[in-house]
Amino acid sequence: MKRTCLLLAGTLVAAAGCGLTSGSPMVDDVSPGTVGKGEPLKGAHLTVTSKEFTEQLILGAMMGIAFEAAGADVLDRTGIQGSIGAREAVKSGDADGMYEYTGTAWITYLGNSKPITDPLKQWQAVRDADLKNGITWLPPSALNNTYALAMNQANFKKYGTKTLSEVAALAKKDPGAVTVCVESEFANRADGLPGMEKAYGMNLPAKNITQMDTGIIYTQVKKGSCTYGEVFTTDGRIKSMNLAVMADDKKFFPNYNAAPEINTKALKKWPAIARVLAPVTKKLNNTVAQTLNAKVDVDGEDPHQVALDWMKAEGLVK
């Protein structure tokens, strides 16, 4: 969600490395359900993009399938590595839209250091600020893929922490008890571990912090190799591994609500994009995301097929 592709002099370096030169037509055999009635996008040629992780691949597929049902020809450029590559594709018009996260835009792209705690006001601030960048944000979903710390059930029974304030208290009482596994980016971001420690009054020694790839964090936390691990709140592995998630009781972490981010020129040309996507966005929440993400990350299913099956099951498309 928050990794980046290299930028040089404002231009994407090695565009193919960010996925901008790849793409194939979407050829799903779909027709309108609650989405796309009257095929208001017939004649449109639209490109959808996403970042490379599971949830983004699913959301990108949903957007493309919705456009298909509404009559558009769709080019699939999902799976761009990092955050900035996909963002730049929408901004430049190389892609027409993607599902993006409000907190990522507010902090990573727009350069703000303090998140806005109210989810709707956070989205409004991002929407207003991004208009000058040629990007229009459509209304957000309830899906909030933010950071959290989680632990396995054995450690939960042992230490009993339910909130980050309680984790901070445990770290003071028993410093050796609080070991954490985190991504390298989270370990260095202002809205990651350093900021969390400051907000909660923690001072974890370096030897208690282990950096590793995202997927490994979940398995290490499940085994108990780390007492706490950095997780994303919509990750399907939380449920499948029965992990206990610590509440962010001081609301430090930003809201990362998923919302359609659309190239403004494309939206002006095809204003029906907004009403085509609205029913999809309205159905998205953390429970849906965890369930669908688990189908990919736990059960090994294809992200595009998972998106298509869900949209058919919900009556969004036929």
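A strand here is a DSSP run of E, at least two residues long, numbered from the N terminus. I needed that before opening this predicted model.

**Entry: Glu100**

I started with Glu100, which turns up in strand β6, residues 97–101. Is Glu100 buried or exposed? Its relative accessibility is 0%, so I noted Glu100 as buried, the cut-off being under 20%. Next I listed what Glu100 touches, skipping residues up to four places away in sequence: Lys51, Tyr109, Trp137, Asn257, Ala258, Ala259 and Glu261. I then checked Glu261 by C-alpha atoms, and the separation from Glu100 is 6.0 Å, though the two are 161 residues apart along the chain.

**Entry: aromatic rings**

I ran the ring search and got seven aromatic pairs. The pair I looked up was Phe186 with Phe253: 6.1 Å centre to centre and 40° between the planes, which I logged as tilted. Phe186 sits in the loop between β9 (180–182) and α7 (193–200), while Phe253 sits in the loop between β12 (244–245) and β13 (258–263), so this pair ties together parts 67 residues apart in sequence. I checked burial for both rings' residues. Phe186 has a relative accessible area of 0% and is buried; Phe253, at 7%, is buried too. Which residues make up the aromatic cluster? I found Tyr147, Phe186, Phe232, Phe252, Phe253 and Tyr256 in one cluster.

**Entry: α3 against α4**

On to helices. I took α3 (residues 102–109) and α4 (residues 119–130), whose axes come within 9 Å and cross at roughly 50°. I have the crossing of α3 past α4 as left-handed. From α3 the contact uses Thr102, Ala105 and Trp106, and from α4 it uses Gln122, Trp123, Ala125 and Val126. I sorted the residues of this contact by class and got five nonpolar, two polar and no charged.

Methods. Residues are numbered from 1 along each chain as its sequence is written. This is a predicted model: local features need pLDDT of at least 70, side-chain atom pairs count only at pLDDT 80 or more; totals for chains, interfaces and linings use all residues. Side-chain values use heavy atoms; hydrogens and water are left out. Axes are lines fitted to C-alpha atoms, for helices over the stretch in contact, and angles run from 0 to 180 degrees between N-to-C directions. Helices (H or I, at least four residues) and strands (E, at least two) are DSSP runs, numbered from the N terminus. A crossing is left-handed if the near helix is turned anticlockwise from the far one by less than a right angle, and right-handed if clockwise. Contact means heavy atoms within 4.5 Å. Ala, Val, Leu, Ile, Met, Phe, Trp, Tyr, Cys and Pro count as nonpolar, Asp, Glu, Lys and Arg as charged, and the others, Gly among them, as polar. Rings of Phe, Tyr and Trp (its six-membered ring) pair if their centres lie within 6.5 Å; planes under 30 degrees apart count as stacked, over 60 as edge-to-face and the rest as tilted. Buried means under 20% relative accessible area, exposed over 50%, partly exposed in between (1.4 Å probe, protein chains only).
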